[in-house]
Amino acid sequence: MMRVWRVSRDRKQAAEVRFFGSFGGFRLTSQTPRQVKFRFAGQRLGDRVNTPIFGVSFIQRTPDSSKYQMAKTTRETVKEHLFWAYANLAMAHTAVEKEQATYKMFNYMIRAKLYKGLSTCSMNIRTLFDDEKIKLSIGTKCNYCNSTDKLALDHILAQKLGGKDEGDNLIFACKSCNSSKGKKDLMDWMAFRGEFLPLMVIRRYLKLTIAFCIDNELMEMKLSDTALQEVPFKINSIPTAYPKPDKLRLL
Ligand SMILES: [Zn+2]
């Protein structure tokens, strides 16, 4: 069962679609209610419609990505893609930290400077020291939803695909998040949820991914290389664009 209704307070109207059922909720922010109406064959906002979950094409889309795609990508290598993703994450991070409602010129400048710095090796990705410090201060809470219910350790990069069974790669997750995530890649799960995870979780995933690629000499590889199908992350599911900062959270 799906319900379509308007949620946005933006001038650009958006609509939210939520699935009620055994798979839990996911959310899509569509460009306009009209498109949602179109997708659901003339249903109006607020209507309930019967739609099989696996028949809906947007489930695997990164949330909001269509709306926030920035400069057209010319990034072809793993290194270019990951550094661009990291620079965009840093831009979002600074804007959320300053409690901005929208991105401003200096946020874009931070992104450009960081991307250039990383690409030319004049800057480095920081270690997980800060992330670990934050993890310890958060304590025993689900790092995805902040619940304290039935916590277990979750591997950020899938262990069976080469993710390490070490502290860097482990965070607490509640039973509900764990079972919703199942065996999905973390970024694929995020797209499935239709909502961005806390930025600190994405940062950890990205740092682990970059470290893995450096260790395994994958950084210069083309994004289309089939060897990337054997790694413990989904490089094409890593977001390179973010929604407005007031739609994001750090923790
Ligand atoms: Zn949770």
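This is a predicted model: local features need pLDDT of at least 70, side-chain atom pairs count only at pLDDT 80 or more; totals for chains, interfaces and linings use all residues.
Author: The expected span of a helix is 1.5 Å times one less than its number of residues.

Reader: How many residues does α3 have, and what distance does the helix reach from its first C-alpha to its last?

Author: Helix α3 covers residues 78-97, which gives 20 residues. The helix reaches 28 Å from first to last C-alpha, close to the 28 Å expected.

Reader: Is α3 enclosed or exposed?

Author: A residue is buried if 20 or more other C-beta atoms lie within 10 Å of its own. In α3, 15 of the 20 residues are buried, so the helix is largely enclosed by the rest of the structure. Across the protein chain of 251 residues, 29% count as buried. Just after α3, E99 takes a positive phi of about 55 degrees.

Reader: Which residues is L153 in contact with, leaving aside its neighbours within four places in sequence?

Author: With those neighbours set aside, L153 is in contact with L170 and F172. As for N178, its C-alpha is 9.1 Å from that of L153, at 25 residues apart in sequence.

Reader: How many helices and strands are there in the protein chain?

Author: The protein chain has eight helices and six strands. From the N terminus, their order is β-β-β-α-β-α-α-α-α-β-β-α-α-α.

Notes: Residues are numbered from 1 along each chain as its sequence is written. Two residues are in contact if their C-beta atoms, placed from the backbone, lie within 7 Å. Helices (H or I, at least four residues) and strands (E, at least two) are DSSP runs, numbered from the N terminus. A residue is buried if 20 or more other C-beta atoms lie within 10 Å of its own, exposed if 12 or fewer, and partly exposed in between; C-beta atoms are placed from the backbone.
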